[in-house]
Amino acid sequence: MTSYISIDWGGTNLKGIVCANGEVSEVFELPSGNIRTVQNQQLMKICQDLYQLVTELSDPPYKWLIGAAGAGNQSVINLLKVAITMAAGSTQDIEIYPDYLCNHAAALCGSDGILSVNGTGSILFGVNAEKNIRLGGWGYLFDKTPSGAYFGKKYIEAVLMGFEGHKDYEYYYNTYIGPNGEKANRHEILGQIYSSPSAQNYLGIFSKYLTEAYDANEPKAKAIIDSSIKSLSESIAYLALELELSKPKISGSGGLWDNWAPFKNLVKTACQTRGLQLEWQERNMPLVYGPLYHYYRTSGEIDINIFSNKAQK
């Protein structure tokens, strides 16, 4: 009997479930990384830990269903497949999809509509019948829509500005605490970023300090985040127009939606200010079910009953 392994592989952590004999395991979680940027050695370690955990939960053969951040490139997909196969020590049956495709499946269960992913990175993905459009997903160096890495980058910029004596940024310099409890030091800050195996993940650590500054009504944080959310509302408006959706269903996923309470209302308000009519929806099922549900819709192999009454997380 095949064991189906459904994994939501994010830029910072992955979550997974095992579906075997009609039963679904508890959700498991491991550190991960964007497969487009993670170093080969780190990717191999992730896959070894993942395979070991899966063998403790079920018996082979396995059908791996993975929605992964960074899985938009075939060479990157092949790299992940090789890493899992090497970790297993045998040929594996593996399907890898872009994370936004699986997140959309989990959030809207096949309905037309828009998904806004705002985690370590950001991306918009919309569907209307056979037409689908993806916006963004270029990474924090280019995307200005809200993401942990972009907010972290802007926070570090503010700290460095404060370090150089700019009075408007003293708040950031004075309140900075590094990963090891150190005070702001330009050499240390830049050294840690540029030597990090994944700058995107590293910068994401600091996003909470920018949102905390926003919550404290710090002017620079307010300007940065409000501008970023405005950009997101503009992108949502463009996507709805291109998809010819007059009042689209829309849902959000990612760390900013889950971990920063004001985020949803800020996005809703920005969209309302633009005159957008949107039907906001909570996720239909946890994102970890997305790859499994996407596979079900394309193959019909899996019992639909396992998707019933799944708690939103």
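Strands β2 and β3 (residues 23-24) pair in the antiparallel sense over two bridges; two strands count as paired if DSSP finds at least two bridges between them. Helices (H or I, at least four residues) and strands (E, at least two) are DSSP runs, numbered from the N terminus. The structure is a predicted model, in which local features need pLDDT of at least 70, side-chain atom pairs count only at pLDDT 80 or more, and totals for chains, interfaces and linings use all residues. Residues are numbered from 1 along each chain as its sequence is written, and side-chain values use heavy atoms, with hydrogens and water left out.

**Strand β2 and its partners**

- Ala 20 stands opposite Glu 23 in β3.
- The hairpin of β2 and β3 has two residues between the strands, and Asn 21 there takes a positive phi near 55°.
- Strand β1 (residues 3-9) runs antiparallel to β2 and is joined to it by six bridges.
- β1 and β2 also form a hairpin, with three residues between them.
- Trp 9 has Leu 14 in β2 as its bridge partner.
- Leu 14 also stands opposite Leu 30 in β4.
- Strand β4 (residues 28-31) is antiparallel to β2, with four bridges between the two.
- Six of the eight residues of β2 (residues 13-20) are buried, so the strand is mostly covered; buried means under 20% relative accessible area, exposed over 50%, and partly exposed in between (1.4 Å probe, protein chains only).

- β7 and β8 run antiparallel and are joined by six bridges.
- These two strands, β7 and β8, form a hairpin with three residues between them.
- β8 and β9 likewise pair in the antiparallel sense, over six bridges.
- The hairpin of β8 and β9 has two residues between the strands, and Ala 129 in the turn has a positive phi of about 55°.
- Leu 124 has Leu 135 in β9 as its bridge partner.
- Strand β8 (residues 122-128) is mostly covered, with six of its seven residues buried.
- The pairing of β7 (residues 113-118) with β10 (residues 249-253) is parallel, over four bridges.
- Ile 114 stands opposite Gly 126 in β8 and opposite Ile 250 in β10.
- In a regular strand the side chains alternate between the two faces of the sheet.

- Ala 107 belongs to helix α3 (residues 99-108).
- With a relative accessible area of 0%, Ala 107 is buried.
- Leaving aside residues up to four places away in sequence, Ala 107 touches Leu 115, Ser 251, Glu 282, Arg 283 and Asn 284; contact means heavy atoms within 4.5 Å.
- Ala 107 and Ile 250 are 143 residues apart in sequence, and their C-alpha atoms are 8.8 Å apart in space.

**Backbone exceptions in loops**

- Most residues other than glycine have a negative phi, and most peptide bonds are trans.
- Pro 60 and Pro 61 are joined by a cis peptide bond with omega about 5°.
- Pro 61 lies in the loop between α1 (40-57) and β5 (62-68).
- Asn 217, in the loop between α8 (207-215) and α9 (219-243), has a positive phi near 65°.
- Asn 217 counts as exposed because its relative accessibility is 54%.
- Glu 244, in the loop between α9 and β10, has a positive phi of about 60° although it is not a glycine.
- Glu 244 counts as exposed at 68% relative accessibility.

**The chain as a whole**

- The chain has 12 helices and 11 strands.
- Its radius of gyration is 20 Å, close to the 20 Å that the globule rule gives for 313 residues, so the chain is as compact as a globular protein of that length; the radius is taken over C-alpha atoms, and the rule is 2.2 Å times the number of residues to the power 0.38.
- The C-alpha trace spans about 65 × 45 × 30 Å along its principal axes.
- Buried residues make up 51% of the 313 in the chain.
- Of the contacts between residues at least 6 apart in sequence, 64% join residues at least 24 apart.
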